[in-house]
Amino acid sequence: MLLRELITHPAQVVLNLTAHDRWRAIDELMGTLVQVAHLPADVASAVAGAVRAREESMSTGIGHGIGIPHAPSDHVDRVQAVLGIASHDIDFDALDQQPVRIVLLFVVPKNQFQEHLDTLANIARILSNAETRQALLSAKTSDQVLAVIGARAR
């Protein structure tokens, strides 16, 4: 799934992410995912557990200030995603040892391995572009973020 197909509504964008570490960033974005995807609390806990377990196996901080926590789950029937942007550094234990400011959390239905890989590859490709990252970090509103994604995420 393409980034522009994942992040389509202003409610999926968290500007001014408040977390200072990856675990709190995941919790903060999971709260938004629950609201956007209307996941019940008991399901949200299981989904968060899957994302945390994936993150514990290896950081999803891919470098260039980007974190992409993700996991497959039996509790979703389609890919669900939220994007967080911070004005401060987040310790994400990233592969390049640099802090993160852009965090995209997504959950994909279990047993959709190819969809999972394709989605992750598209997100990483789009967010690895320095101009796109700068435009996202400069955005003042969720609508501006959506415009950046729509214009650059092709």
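# Notebook: helix pairs

I looked up which residues join helix 2 to helix 3: Arg22, Trp23, Ile26, Asp27, Met30 and Val34 in helix 2 meet Ala44, Val47, Ala48, Val51, Arg52, Glu55 and Glu56 in helix 3. Contact here means heavy atoms within 4.5 Å. I sorted the residues of this contact into eight nonpolar, no polar and five charged. For that sorting, Ala, Val, Leu, Ile, Met, Phe, Trp, Tyr, Cys and Pro count as nonpolar, Asp, Glu, Lys and Arg as charged, and the others, Gly among them, as polar.

I noted the basis of the model. It is predicted: local features need pLDDT of at least 70, side-chain atom pairs count only at pLDDT 80 or more, and totals for chains, interfaces and linings use all residues. Residues are numbered from 1 along each chain as its sequence is written, and side-chain values use heavy atoms, with hydrogens and water left out.

**Helix 2 and helix 3**

I checked the geometry next. Two packed helices are described by the angle between their axes and the distance between the axes. The axes of helix 2 (residues 22-37) and helix 3 come within 10 Å and cross at roughly 150°. Axes are lines fitted to C-alpha atoms, for helices over the stretch in contact, and angles run from 0 to 180 degrees between N-to-C directions. Helix 2 and helix 3 are therefore roughly antiparallel (over 145 degrees). Their crossing is right-handed (the near helix is turned clockwise from the far one by less than a right angle). Helices are DSSP runs of H or I with at least four residues, strands are E runs with at least two, and both are numbered from the N terminus.

**Glu56**

Is Glu56 buried or exposed? I found it exposed, at a relative accessible area of 59%. Exposed means over 50%, buried under 20%, partly exposed in between (1.4 Å probe, protein chains only). Glu56 sits in helix 3 (residues 41-57).

**Helix 5 and helix 6**

I moved on to helix 5 (residues 130-138) and helix 6 (residues 142-152), whose axes come within 9 Å and cross at roughly 165°. This pair is therefore roughly antiparallel. The crossing of helix 5 and helix 6 is right-handed. Glu131, Thr132, Ala135 and Leu136 of helix 5 make the contact with Val145, Val148, Ile149 and Arg152 of helix 6. I listed five nonpolar, one polar and two charged residues there.

**The buried side of helix 5**

Which residues of helix 5 are buried? I found Thr132, Arg133, Ala135 and Leu136. Among the elements covering them are helix 4 (113-127) and helix 6.

Methods. Parallel < 35°, antiparallel > 145°, perpendicular 65-115°, else oblique.
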